[in-house]
Amino acid sequence: MKQLRPIIIAGFCLILTLTLVWEAGAQGQAPVLRILGEPSPGPESEMLVSVLDPNTGRSLPDLTADNFAVQLSGEPLPLTGVTAETTGLAVVLVMDRGGIARKNDPRMGQAVDLASALLDRLAVDGSPTADMVALIGIRGRDAGGLTPLVPFTDRDPNAIRNEFDGLRTETVPEVTPLYDGIDRAIEWLTQNPSAPVQAQLNSRRAVIVVFSDGIDRQFSSEAYETVIINKCQQAGILLYAVRMVRGETEADNLQAMATQTNGRYIAHDPANTEATLSLFDDLATLRGAYRLRFPVFKPQGDYKVRVQVQGTPIGDAFADTMVTSKLRTPRLNLIAPPETSITVPYSKTLGAFAARVIPLSVEVQFPDAVTRDPTTVSYYANGALIGTSDSAPTYPLEWPVSAWVTPTRAVQTHDFTLLARATDPYLEMEMASQAVNVRVTWEAQEVTAAEETKETVKQNWWLILGLGVLTVGLVVLLVLLIRTRGEVARKVVAPAAGAISKMTQRMSAVGPAYGKLVMVHGSTVGQEYRLASPVVKVGRDAQHCDFPLFDQFVSNPHFSIRMEQNQYFIVDEGSTNGTFVNGVQLRPSQATPLQPDSIIKVGNTQLQFKRLGGETRRMSAEEQPLVGSVPATPAAGAPPYGPTVAAGEGGIPGAPPYGPTVFAGDLPQAGGIPGAPSGYGPTVLADDVPPPDPSSNPWKPGE
């Protein structure tokens, strides 16, 4: 048994090998895929392909989209359509007259009859898919060479038939150059002297049918044969060879040429005429082709396309070609509003700005003449998105500018740079329009005298209240002086009179305010400070600056704002954490022009600078009158800045627990505030009292 085991294994391997060989022989050669002509340019490209079964010489029928795949520069593309179509053949009949046109040799007549039968199977009818036929006869080089010659025709088969009688009757005793005739046929198919004819040939399956005895000892060579085969393979030309035999003949090389060009070979004699005609029937099926459609969404240029046929009964095949894309990025033309200077009126009836919109739209221009609509067009003003539109083709948008700002008593003007953007749906590239500049002016808010008085009282209630308190105190002191006429009354009256004199002098020194700072983020959002002095210092605490921010990350002072020749400048005073204007950090001690609506960021606080019109009288923070009272000694655990008061009860609304701050020389130091509880008095400046213990300060001190 052990001796039989190697024999059994060897027998099994032999059977398996024979099976694989048999299956390979049964399957035969793989299909031949031929691209007919050049694909049409994108973005929606089309190409014609022919799929040949080289084992039968017939076109493969009934292929679907599942049998084809397309790649563009190595990337798979979706097929948008595959249809079976009928396209024409481009057939050159090559009649090698040497050897078969001798006197009393019937083979030339048989060859003419076969050529006529093939011509009957072609559709030379002048239609768009008509077959095109040409004829090349071959005589000896010294006897006329290639003759007769009938160029391609797609509508007149008689132009070919008219030469048949001469071919049938004329005797040719000389040796003929067979390969010269085949080479000329290749030239007619690939480099036709007529450009319109060449354009027709490019969309047809090229075939050369040779009628010859296959013997050319004088003019043919193995090197010439190799050149012929290479030219046919590169151009996708099928070479069909009909060898006209007569009894026993010598070996020929036509069969090798036909096989290597995916054509067919048959040795003809009168006994197998039906087999030859069947070969012509198979050739006529090559008129069948498939039209493939696929998108080419690439920028302008040429791209490699690979077409693959797959899943056929005889295997797979592929072919490469080039496709051209003419796509270029479209241009957006922003259609400007009718006027570039727009005024938004204020409506006293509405108590707001009247409705006003700026109409915007675009014109999409296509330099590649390929029309397509972007999905959405976005509009921007000064880089901020103001709206989108998806209404092709002009994508209109109305921008409501009335609500862009809040009404104020001053005229407001803003310059805007408008821009439109979109994405090309084919190339997926962004398109941007040209910039359009517009200026929008909002009219000043109109108020009546009564409303203005009410607003003035509302904004300066603390000043009126302080003056009232001071007036009452002065009256009381004067009465006391009259009654007592003593030294005590004079001591009390003198400091109060000095305080009133100081406040009067400071109020008279306040100049017109042309700008203001508005806190937009911080401890007292909404608080405003009018810039009425040539130099205004801003910092953390009131005792070191004109405008306290109560921000632990702000220095004392942090920055200053100066006015020179009607222009405001901002200077960083060497702060610890830096000063930022519109996101850009200032260099210390360097004056930088301050533009309207600029955002100033210091620490955790953000201020907005506003320009004002007219003159405004306003007391600085250090001149604010005392409101409420503070304990002389801080409570246990409280910071040494005075009592905590609620917004509206005194001090700066919403400020941290510092209590109100007044100047030490503005109020009497003896006796505190009239009517205040015992043990309470005003908070004075840091110069007048010892500095507080930094460890008890809840904020981080600046420098």
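## Overall make-up

The model is predicted. Its protein chain holds twelve helices and 39 strands. The chain has 703 residues, and buried residues make up 43% of them.

Among contacts between residues at least 6 apart in sequence, 67% join residues at least 24 apart.

## Helices α5 and α7

Helix α5 spans residues 178-190, and helix α7 spans residues 222-235. Their axes lie 11 Å apart and meet at an angle of about 20°. Angles under 35 degrees count as roughly parallel. The two helices are therefore roughly parallel to each other. Their crossing is left-handed.

From α5, the contact takes in Tyr179, Asp180, Ile182, Asp183, Ile186 and Thr190. From α7 come Tyr224, Glu225, Ile228, Lys231, Cys232 and Ala235. By class, the contact residues are seven nonpolar, one polar and four charged.

## Aromatic pairs

The chain has twelve aromatic pairs. One of them joins Tyr346 and Phe353. The ring centres of Tyr346 and Phe353 are 5.9 Å apart, with 90° between the planes. The pair is edge-to-face. Both Tyr346 and Phe353 are buried.

Ring pairs also build a cluster. Its members are Trp399, Trp404, Phe416 and Trp442.

## Cis peptide bonds

The peptide bond between Gly42 and Pro43 is cis, with omega about 10°. Pro43 sits in the loop between β1 (32-36) and β2 (44-53).

Another cis bond runs from Asn556 to Pro557, where omega is near -20°. Pro557 belongs to the loop between β30 (547-548) and β31 (559-564).

## Positive phi angles

Phe550 is not a glycine, yet its phi is positive, at about 55°. Phe550 is in the loop between β30 and β31. That loop also holds Pro557. The relative accessible area of Phe550 is 8%. The cut-off for buried is under 20%, so Phe550 is buried.

Gln565 also has a positive phi, near 55°, and is a residue other than glycine. Gln565 lies in the loop between β31 and β32. Its relative accessible area is 82%. Exposed means over 50%, so Gln565 is exposed.

Gln567 is in strand β32, which covers residues 567-572. The relative accessible area of Gln567 is 26%, so this residue is partly exposed. Gln595 is 28 residues away from Gln567 along the chain. The C-alpha atoms of Gln567 and Gln595 are separated by 8.9 Å.

Asp282 is part of helix α9, residues 273-284. Its relative accessibility is 14%, so Asp282 counts as buried. Leaving out residues up to four places away in sequence, Asp282 touches Thr56, Gly57 and Arg58.

Methods
Residues are numbered from 1 along each chain as its sequence is written. This is a predicted model: local features need pLDDT of at least 70, side-chain atom pairs count only at pLDDT 80 or more; totals for chains, interfaces and linings use all residues. Side-chain values use heavy atoms; hydrogens and water are left out. Axes are lines fitted to C-alpha atoms, for helices over the stretch in contact, and angles run from 0 to 180 degrees between N-to-C directions. Helices (H or I, at least four residues) and strands (E, at least two) are DSSP runs, numbered from the N terminus. Angles under 35 degrees count as roughly parallel, over 145 as roughly antiparallel, 65 to 115 as roughly perpendicular and the rest as oblique. A crossing is left-handed if the near helix is turned anticlockwise from the far one by less than a right angle, and right-handed if clockwise. Contact means heavy atoms within 4.5 Å. Ala, Val, Leu, Ile, Met, Phe, Trp, Tyr, Cys and Pro count as nonpolar, Asp, Glu, Lys and Arg as charged, and the others, Gly among them, as polar. Rings of Phe, Tyr and Trp (its six-membered ring) pair if their centres lie within 6.5 Å; planes under 30 degrees apart count as stacked, over 60 as edge-to-face and the rest as tilted. Buried means under 20% relative accessible area, exposed over 50%, partly exposed in between (1.4 Å probe, protein chains only).
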